[in-house]
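Hi everyone, thanks for coming. Let me put the structure up on the screen, and then we can walk through it together.

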Amino acid sequence: MALEGRAALLQLVEPALTYLPGYEAALEQGWSPNNVRDVSGEQLAAIRADAAALIASLLSQTGTVTLPDGTEIPKLPSRVRWVWDGEFCGQIGLRWQPGTDDLPSHVLGHIGYAVVPWKRRRGYATEALRRMLDVARSVGLNLLEITADKGNVPSCKVIEANGGRFVEEFVQPRYGEDVRLRYVIDLVAAADGGRPR
């Protein structure tokens, strides 16, 4: 099946016990939903301790998040979705601050995604991001920031295919010394079929 055909069958599903076996299997193979640090072991331990509690924590709009430097910060409002084609394919998440397009300095971008290695090169990340842009609009965002590691050409192509415009290279010390690329997607222009500003 062509890339476009497979991606058209894609769904973004809310994490649920129904889909958990696929998520767990991906974690067992070393995949991590967090592309800043490997959380596969933590997630597996949480599933084995209380699977329903793990699902609730993924969907929760309260609590804290631990940054790579160990700092705990309040969790931002978010939407987490699992990428599904009949099997688990990965995760995409949106986070934002109500009433503004701005993000706190410790947040790398509005959207993060991770596709399992055996489902890559099928257009899934591009399609998942396209669909998540509608969710971003629905929560009131007009301008969206998204980042990629410098040298991650596939991720840059995903962002650019969805109207991403390169803004800058930057380093966020809380996440180490890695250089990252910041892109902006104008959600208003993208919705109107126009070119991003």
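Let's begin with a term: a charge sits over a ring if NZ of Lys or CZ of Arg is within 6 Å of the ring centre and within 35 degrees of the ring normal. Here, Arg182 lies over the face of Phe170, 3.9 Å from the ring centre.

A quick word on the background. This is a predicted model, where local features need pLDDT of at least 70 and side-chain atom pairs count only at pLDDT 80 or more, while totals for chains, interfaces and linings use all residues. Residues are numbered from 1 along each chain as its sequence is written, and side-chain values use heavy atoms, leaving out hydrogens and water.

Now, the sheet. Strands (E, at least two residues) and helices (H or I, at least four) are DSSP runs, numbered from the N terminus, and two strands pair if DSSP finds at least two bridges between them. In which order do the 4 strands of the open sheet run? The order is E1-E4-E5-E6, with antiparallel pairing. Strand E1 (11-13) and strand E6 (111-115) are the edges, each pairing on one side only. E5 and E6 are joined over 5 bridges, and Ile92 has Tyr113 in E6 as its bridge partner.

Helix H2 packs on this sheet and touches E4 and E5 (contact means heavy atoms within 4.5 Å). The direction of H2 makes about 95° with that of E5; axes are lines fitted to C-alpha atoms, for helices over the stretch in contact, and angles run from 0 to 180 degrees between N-to-C directions.

On to the aromatic rings. Rings of Phe, Tyr and Trp (its six-membered ring) pair if their centres lie within 6.5 Å; planes under 30 degrees apart are stacked, over 60 edge-to-face, and the rest tilted. The structure holds 7 aromatic pairs. One of them is Tyr23 with Trp82, stacked at 4.4 Å centre to centre with 15° between the planes. Tyr23 lies in helix H2 (residues 20-28) and Trp82 in strand E4 (residues 78-84), so this pair ties together parts 59 residues apart in sequence.

Tyr23 also meets Phe88: their centres are 5.5 Å apart and their planes at 80°, so that pair is edge-to-face. Phe88 is in strand E5 (residues 88-95), so here the parts tied together are 65 residues apart in sequence.

Are Tyr23 and Phe88 buried or exposed? Both are buried, meaning under 20% relative accessible area, whereas exposed is over 50% and partly exposed in between (1.4 Å probe, protein chains only). Finally, Tyr23, Trp31, Trp82 and Phe88 form one aromatic cluster.
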